[in-house]
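Subject: Structure handover

Hello,

Here is the structure for your work. My notes on the ligand site and the charged pairs follow it.

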Amino acid sequence: MRKPYIAANWKMTKTIEETEEFINAFIPLVKDISDVDILLAPPLTSLSTASALLKSTNIKLGAQNVYFEESGAYTGETSPSMLLSAGCSTVIIGHSERRQFFAETDEVVNKKIILARKNNLEVILCIGESLEDREAGRTFEVLAKQLTGSLKDLPLDEITIAYEPIWAIGTGKTATKEQANETHANIREWLRKNKEGADAIRIQYGGSVKPENVEELMAQPEVDGALVGGASLKPDSFAKIVAGAIKK
Ligand code: PGA
């Protein structure tokens, strides 16, 4: 069985002080949960502080982005080795906001994953279709194209896929549990056809996940976890999501 995996994507929120406050309140709420992998992805400025606070806990630390070069004249960017030295085990790559606002293509996403994996960072790869694509019946075509481009020349080791329909992110509109399950099943089918080890890969759902809907989403056989934005910003809300992710 695939172990449930719940990740918090804080996006561009929380100062260092707010990060400390969250983590100090959150650790005791989840300390006894061993059946769920838990990840926090705070902004870059909070990573070192978070890393110190999360030592010897059951909570992993991730970054929200990385660059595809090891070092050099790339003002404002961060390399995988810098993330490792800040205490990250994981990095989120290809979030739809990166694709939309920072022009990240599948080719760029692919280069980022290759370098992250070379440095032994675990990766959460985000894919997802727009509302227009879904309504035109192109969902799977779009996802297959993103998977093909993003995973070019890559094995699946230490990669998690986050399926995040763009129309469900931050909108309060969640995909139905049936839509999530069906799309995850299609993603897994693509992985089976094109890569080794597809059955062990975890596929998270993302898009308006909250304490009220996590259980029904996690009850779907193809949903292995969640990538959570808005509802991960408060310790009790995120702790409830983690607890709700334990497979019954
Ligand atoms: P949301 O964001 O939970 O606020 O919809 C999810 C995400 O973008 O990862």
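How far is an oxygen atom of the ligand from an N or O atom in the side chain of glutamate 164? The distance is 2.7 Å; please keep in mind that the model is predicted. Taken by itself, the ligand exposes 280 Å², and 95% of that is buried by the protein.

In lysine 11, a polar side-chain atom lies 2.7 Å from a ligand oxygen atom. For histidine 95, an N or O atom of the side chain is 2.7 Å from an oxygen atom of the ligand.

There are 13 residues around the ligand, and those that come nearest are Lys11, His95, Glu164, Gly170 and Ser208. Sorted by class, this shell has four nonpolar, seven polar and two charged residues. The ligand takes up the space of the second largest pocket.

On charged pairs, the count of salt bridges comes to 18. One of them joins arginine 202 and aspartate 37, with the closest N and O atoms 2.7 Å apart. Arginine 202 is in the loop between helix H8 (177-194) and strand E7 (203-206), while aspartate 37 belongs to strand E2 (residues 37-41), so this pair ties together parts that are 165 residues apart in sequence. In general, side chains of opposite charge can pair when their charged atoms come close.

Regards

Note on methods
Residues are numbered from 1 along each chain as its sequence is written. This is a predicted model: local features need pLDDT of at least 70, side-chain atom pairs count only at pLDDT 80 or more; totals for chains, interfaces and linings use all residues. Side-chain values use heavy atoms; hydrogens and water are left out. A residue is near a molecule or strand if one of its heavy atoms lies within 4 Å of it. A polar contact is a pair of N or O atoms within 3.5 Å; within protein, one must be able to donate a hydrogen and the other to accept it, and residues adjacent in sequence count only if both atoms are side-chain atoms. Accessible areas come from the Shrake-Rupley method with a 1.4 Å probe; for residues, only the protein chains shown count as cover. On a 1 Å grid over the protein atoms alone, a cavity is a set of points where a 1.4 Å probe fits but cannot get out, and a pocket is an open set with protein on both sides within 12 Å along at least five of seven lines; lining residues have an atom within 4 Å of a point. A molecule sits in a cavity or pocket if more than half of its atoms lie within 2 Å of its grid points. Ala, Val, Leu, Ile, Met, Phe, Trp, Tyr, Cys and Pro count as nonpolar, Asp, Glu, Lys and Arg as charged, and the others, Gly among them, as polar. A salt bridge is a side-chain nitrogen of Lys or Arg within 4 Å of a carboxyl oxygen of Asp or Glu. Helices (H or I, at least four residues) and strands (E, at least two) are DSSP runs, numbered from the N terminus.
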